[in-house]
Each structure stands twice: as structure tokens, then as C-alpha cells.
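I opened a notebook to go through one structure and write down what I looked up. The sequence and the model come first, then my entries.

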Amino acid sequence: MPININRLSAEIEELASYSAVPAPAVTRILYSAEDQAARAWLREKVIEAGLSIREDGLGNMYVTLEGSDSGLPSVATGSHIDAIPYSGKYDGVVGVLGGLEALRSIREQGLQPKRDIELILFTSEEPTRFGLGCLGSRAMAGNLSAADLAALTDADGNDLESLRKQAGFTQPLDKVQLSTVNYHAFVELHIEQGPRLERDKLDIGIVTSIAAPATLRVTLKGDGGHAGATLMPGRRDALVAASEIVLDVEKAAQDSGSPDSVATVGLMQVHPGAVNSIPSDVLMEIDIRDTQLATRDGMVARIQQTIADVCERRNIGVTVEVLNMDAPCQCGSQILETIESVTKDKGYSYKTLVSRAYHDALFMAQLCPTAMIFVPSENGYSHRPEEFTAAAEIEKGVEVLAETLCSLAMQ
Ligand code: HGY
Ligand code: MN
Ligand code: MN
């Protein structure tokens with residue numbers, strides 16, 4: 001299936017321009033001005049392509065290429081266009097614009113699938129705005145109720161309800177949830193965000209399972225004061241306590257015995273944040289993952305115990321909130337076979353692998369058989385401005401996606 005890679009590459013560059021920070025970095029936070037402008041741009045592309053479009057109360061966007069029998073459960077693809085601060089232009093975007101390119105190519109080839117083929121833009125795959133990732137796909141899968149969603153507020157105290165309405169999404173949130181009869185299959189195209197495909201000089205990654213993320217939000221309350229006039233004995237420095245915890249977060253992943261264990265403190269706020277003032281308060285968020293649930297949960301338990309021990313010893317007040325503890329997912333064997341046979345037919349090199357990043361596919365797997373197609377990331381870079389995947393590699397991924405969608409939509 002011929003892909004118009006020049007059109008797609010130009011669109012990837014165009015979409016990258018909707019950013020709160022200058023190129024080559026991209027920042028595009030849910031419901032921000034840049035997010036809304038990017039969504040408006042995408043709507044135009046969809047309408048130009050002659051495809052139908054609908055959006056729900058969270059801003060999930062559904063683009064449909066009609067099949068001959070629209071009564072059947074659809075085949076879907078999709079990903080996200082929100083981008084964490086100072087990240088790159090391919091994460092999520094390759095799955096959304098690559099999916100659009102796949103639908104356009106199928107249509108331009110005059111192919112008529114039996115089942116509708118849908119492209120889904122998932123709202124807020126990244127946790128940046130509300131501290132929880134995959135808001136759209138979680139809600140679609142019924143993991144978040146309308147009340148859960150409406151209760152979300154961001155770090156500045158803005159609530160989801162007002163932000164979504166300001167962005168023009170006024171439909172009721174209780175209509176976001178989908179049912180398991182909606183979809184026959186879901187396939188997400190994504191950059192690998194790791195080094196394996198490039199290292200092994202492979203074109204395609206066929207994802208067999210997706211790692212399970214857990215996130216803890218920890219607040220530490222010590223005692224502040226003058227950095228010069230307060231002597232060391234008796235201090236209750238919240239940042240020193242946090243630092244002990246950070247070191248054990250790293251050790252928990254190193255000691256787990258599993259090569260897939262990762263743990264990171266990616267967010268830390270220190271109050272009052274003055275060089276000559278003892279930190280009285282710290283807020284930190286901890287990201288803990290493994291492809292095996294038991295290993296991941298073992299790390300969470302150890303880190304929670306460390307937090308309790310350090311805070312007791314240092315007489316620090318503490319709260320620990322579990323923001324999410326998701327289960328890993330196994331991808332659908334029938335879809336994996338379809339992706340593999342399409343990839344083989346095209347003569348592309350490939351391997352099966354686990355996804356260490358989470359994706360909306362993690363939640364779509366609760367609704368229907370689901371799988372992912374990876375394309376290589378240069379140096380394995382992602383979530384940083386140097387993120388890069390060559391056009392020729394994206395083209396192969398979109399070709400495999402388009403032919404996989406066609407094959408599944410003919411079933
Ligand atoms: O963090 C992740 O795995 C995804 O990129 N949001
Ligand atoms: Mn990401
Ligand atoms: Mn992503």
C-alpha cells in the first residue's frame with residue numbers, strides 16, 4: 001500500500017510547531033492553547049481527507065473511514081498528540097498522523113473495508129496536566145468514572161470540568177465510556193522510545209506486552225528556618241529526607257532482580273525554594289514499572305516502607321497517594337499474527353518485544369484484542385528534544401499499519 005511519506009513528514013513538522021517552547025523541543029499540555037490549536041489543525045486535515053469526525057466530552061477524537069458493513073464492530077488505531085515538557089515531535093504523533101495517513105491511503109487506493117476503520121486521538125496520554133496518564137483511554141475502558149474525571153484538578157487548582165469546557169468539550173463525561181462490543185481490534189503505531197530496534201538494525205517491533213506503570217505522589221513536611229542561624233542538631237529538613245528516599249527508589253529497581261524494573265523520581269517541588277532557607281516542604285512523584293506485576297508491586301511496597309522508615313527516623317510528616325497502579329497487558333495473539341504476516345510479506349525485518357513505556361493500547365486491551373507496532377528511535381531517545389525517527393522508517397511502520405488494518409477490517 002503506497003504511503004505518501006512526504007505529506008506525512010510535512011504534517012509531523014507542522015504539528016511540532018504547536019508547542020509552548022521553541023523547536024526542537026515540544027511541549028503541548030492537555031487543553032493548553034497549543035493543544036487546542038493542534039487539535040483545530042488536525043480537524044482540518046481530517047475534513048480535507050473526507051473522513052467523518054466526532055469528539056467526546058474529554059476531547060477524544062474519533063475519525064471514521066466507513067466500511068461496507070458499519071454495523072460490525074470497528075477496527076481502530078490511534079495514539080496521542082499531547083507532549084510532556086521539553087519532549088520530541090514523534091511520541092504519539094507517529095501513531096495519530098501515521099494512522100491518518102493509513103486511512104487516507106486505504107481510501108485513495110479505492111479499497112472498501114468491510115468493517116469501519118477508526119482513528120482515535122486519545123486525550124491526555126501523558127500525566128502532565130492531572131498527574132494521571134491515559135485519561136481518555138482509561139475513561140473509555142471504564143477505569144475512570146465521570147465523577148473521578150470531574151474531581152481532577154491540576155497543580156494550579158484548575159479543575160478538569162472547567163478546563164475541558166473552556167476547550168470546547170461540553171458533552172457529558174458519562175458518555176465517554178465505550179463497551180467491549182465497539183471494537184473488533186485495536187492496533188497502535190508508536191516509536192519504540194528505546195534502543196533495541198536501532199541496535200539490532202530492525203525495521204519493525206511487534207509488541208507482545210506492555211509494562212505496568214505505578215505512580216506515587218508523596219508530600220513531606222519538615223521544619224523550615226534560617227539556613228545560617230539554625231544549627232544542624234534538631235533540623236527537620238524535608239529535602240534531605242526526600243533525598244534518602246530518591247536514592248532508595250533507584251536501589252529498589254536495581255535490587256529487584258528483573259532487567260525490566262525501572263523507577264524514577266521525575267518531579268520534585270521544594271518549598272520555600274530559597275538557597276538560605278531550610279526546605280520545610282517537598283512534593284515528589286515516583287514512577288515505578290516492570291513488565292511483571294508481582295515485581296512491580298514488590299518495588300512499590302519496598303519504596304512505601306522506605307518512605308515510612310525515613311520519615312519516622314527524621315520526624316517528618318508524610319502523605320503517600322497512589323495515583324495509579326495499572327496491570328500490564330498481553331497483546332492479542334491473532335493481531336500479532338496479522339502484523340507478523342504483513343511484515344514478512346513486505347520483507348521488513350522485525351522482532352517481537354515488550355513495551356517498557358505505557359500507551360493507550362494498555363487500556364484499549366480491556367475493550368478488544370490489541371497490539372502495537374514499533375518503529376525505531378534514534379539512539380533510543382524519547383521524552384527529549386533529540387527524539388528522532390527517519391521518514392523511511394516511519395513509512396515502513398505506516399505501510400504495515402495500513403495493511404494490518406485492512407486485513408483486520410476484512411475479517
Ligand atoms: O510514560 C510513558 O510511558 C508514556 O510515554 N506516557
Ligand atoms: Mn510519552
Ligand atoms: Mn506515547
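This is a predicted model: local features need pLDDT of at least 70, side-chain atom pairs count only at pLDDT 80 or more; totals for chains, interfaces and linings use all residues.

**Entry: the metal ions**

Donors here are N, O and S atoms within 2.8 Å of the metal (3.2 Å for Na, K and Ca); water is not among the atoms, so sites may look incomplete. Helices (H or I, at least four residues) and strands (E, at least two) are DSSP runs, numbered from the N terminus.

I then turned to the manganese ion (ligand 2), which D91 (OD), E126 (OE) and H383 (NE2) coordinate at 2.0 to 2.1 Å. E126 is in the loop between β6 (117-121) and α4 (135-140) and H383 in the loop between β15 (370-375) and α12 (391-409), so the pair ties together parts that are 257 residues apart in sequence. The two manganese ions (ligand 2 and ligand 3) are 3.5 Å apart, and D91 coordinates both.

**Entry: the two domains**

I looked up the domain bounds, which come from an automatic or database domain assignment. They give domain 1 (5-211 + 328-409) and domain 2 (212-325). Taken over C-alpha atoms, their centres are 33 Å apart.

I counted contacts next, meaning heavy atoms within 4.5 Å. Twelve residues of domain 1 touch ten residues of domain 2. The buried area between them is about 920 Å², with 59% from carbon and sulfur atoms; buried area is the accessible area (1.4 Å probe) that two parts lose on being put together, summed over both. A211, P328 and R356 supply 46% of the area that domain 1 buries against domain 2, more than any other three residues.

**Entry: salt bridges**

How many salt bridges cross the interface of domain 1 and domain 2? I found one, using the rule of a side-chain nitrogen of Lys or Arg within 4 Å of a carboxyl oxygen of Asp or Glu. R356 and D260 form a salt bridge, with N to O at 2.7 Å.

Over the whole structure I found 33 salt bridges. One of them joins R104 and E11, whose closest N and O atoms are 2.7 Å apart. R104 is in helix α3 (residues 93-108) and E11 in helix α1 (residues 5-16), 93 residues apart.

**Entry: backbone**

Most residues other than glycine have a negative phi, and most peptide bonds are trans. I looked for exceptions.

- The peptide bond from A23 to P24 is cis, with omega near 5°, and P24 is in the loop between α1 and β1 (26-28).
- H271 and P272 are also joined by a cis peptide bond, omega about 5°; P272 is in the loop between β10 (262-271) and β11 (281-290).
- Y86, in strand β5, has a positive phi near 55°.
- C134, in the loop between β6 and α4, has a positive phi of about 60°.

Conventions:
Residues are numbered from 1 along each chain as its sequence is written. Chains are lettered from A and ligands numbered from 1 in the order in which they are written. Side-chain values use heavy atoms; hydrogens and water are left out.
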